[in-house]
Amino acid sequence: MVPPGPVVMENLRPAGGGLLDLVVPSSTLTGESGEPGQLSRIGPVTAEQARYLADVAACDAAVEWRVIVTDQNGRAMAVSRVLREAGDRAGAGDRSGEASLVKRVTVTVSPGQVNSSAGAGLPVILQRTLRAAARAAEKARLRAVVDAEAGGCAHEQASPSYQPPPRLREFVTARDVTCRFPTCRQPVWRCDLDHSVPFDKGGKTCSCNLGGLCRFHHQVKQRLGWQLVQPVPGTFAWVTPSGRTYYIEPDCHAA
């Protein structure tokens with residue numbers, strides 16, 4: 001996206017390493033929909049802009065690609081990295097002379113897109129993305145069976161440490177999207193990952209006991225009379241000092 005400098009600067013190019021994260025539906029990258037993308041710290045971008053940014057990012061081997069697989073309601077059920085090679089392309093344009101401002105591209109994929117053909121005829125980077133989505137969806141399906149048998153969560157991805165490992169952090173961030181207080185829209189990547197049941201009181205470092213809270217609402221939760229629980233993994237219930245209970249469900253992704 002950033003062209004090289006003028007000749008007087010000897011075509012100086014920007015240093016590697018983008019600054020922004022791009023989240024874009026797979027249907028947008030394939031041209032099947034006009035759903036906008038989301039650029040961190042900036043906000044929505046048009047479908048055309050999202051395709052352009054992804055195309056530029058595909059030419060930069062330093063850019064990380066990952067996939068979020070959603071359920072039929074658009075809620076994240078799995079997150080996986082996309083294995084890529086130099087030369088993978090998101091689009092048909094030649095962007096090799098430009099440097100990317102994007103450090104990570106996240107592609108959201110719906111169940112119907114996972115079960116479609118393996119992306120025959122699509123650019124290689126999108127074929128890899130769909131294959132990664134199919135593998136992640138199958139793992140999520142098997143994990144859901146085990147969780148159901150365990151009565152809600154089998155804690156297969158739980159960590160013995162207080163700080164969640166990257167794989168767990170990525171999933172909870174993708175699932176919650178925003179702070180889990182009902183009226184707050186602070187993005188989770190700016191938030192604390194809080195244990196609903198405190199770690200020092202036996203709470204597990206697991207997706208069924210973690211949720212994104214901005215610093216203010218993290219402090220609210222700790223005040224006398226407030227309580228936050230997850231009756232179902234990903235669903236949060238806030239109990240106020242007056243005894244009222246407010247529920248918030250996982251945010252949805254466009255795919």
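Before listing linings, I noted the rule: a pocket is an open set of grid points with protein on both sides within 12 Å along at least five of seven lines, and lining residues have an atom within 4 Å of a point. I also reminded myself that this is a predicted model.

Entry 1, the second largest pocket. I found about 610 Å³ of space in it. I counted 25 lining residues, and Ala 76, Met 77, Asp 147, Phe 171 and Pro 233 lie nearest the centre. By class I got eleven nonpolar, seven polar and seven charged residues. Which element gives the most to this lining? I looked it up: H4 does, with five residues. S5 and H5 each supply at least two.

I followed H4 from residue 124 to 149, 26 residues in total. Its first and last C-alpha are 38 Å apart, close to the 38 Å expected. I listed its buried residues, among them Ala 132, Ala 133, Ala 136, Ala 137 and Ala 140. Asp 147 is on that list too, and I had already met Asp 147 by the centre of the second largest pocket. The buried residues of H4 pack against helices H1 and H3 and strands S4, S5 and S6. After the helix I reached Gly 151, with a positive phi near 90 degrees.

Terms used: Residues are numbered from 1 along each chain as its sequence is written. This is a predicted model: local features need pLDDT of at least 70, side-chain atom pairs count only at pLDDT 80 or more; totals for chains, interfaces and linings use all residues. Side-chain values use heavy atoms; hydrogens and water are left out. Helices (H or I, at least four residues) and strands (E, at least two) are DSSP runs, numbered from the N terminus. The expected span of a helix is 1.5 Å times one less than its number of residues. Buried means under 20% relative accessible area, exposed over 50%, partly exposed in between (1.4 Å probe, protein chains only). Contact means heavy atoms within 4.5 Å. On a 1 Å grid over the protein atoms alone, a cavity is a set of points where a 1.4 Å probe fits but cannot get out, and a pocket is an open set with protein on both sides within 12 Å along at least five of seven lines; lining residues have an atom within 4 Å of a point. Grid points are joined across faces, edges and corners, and a volume is the space filled by probe spheres set on the points. Ala, Val, Leu, Ile, Met, Phe, Trp, Tyr, Cys and Pro count as nonpolar, Asp, Glu, Lys and Arg as charged, and the others, Gly among them, as polar.
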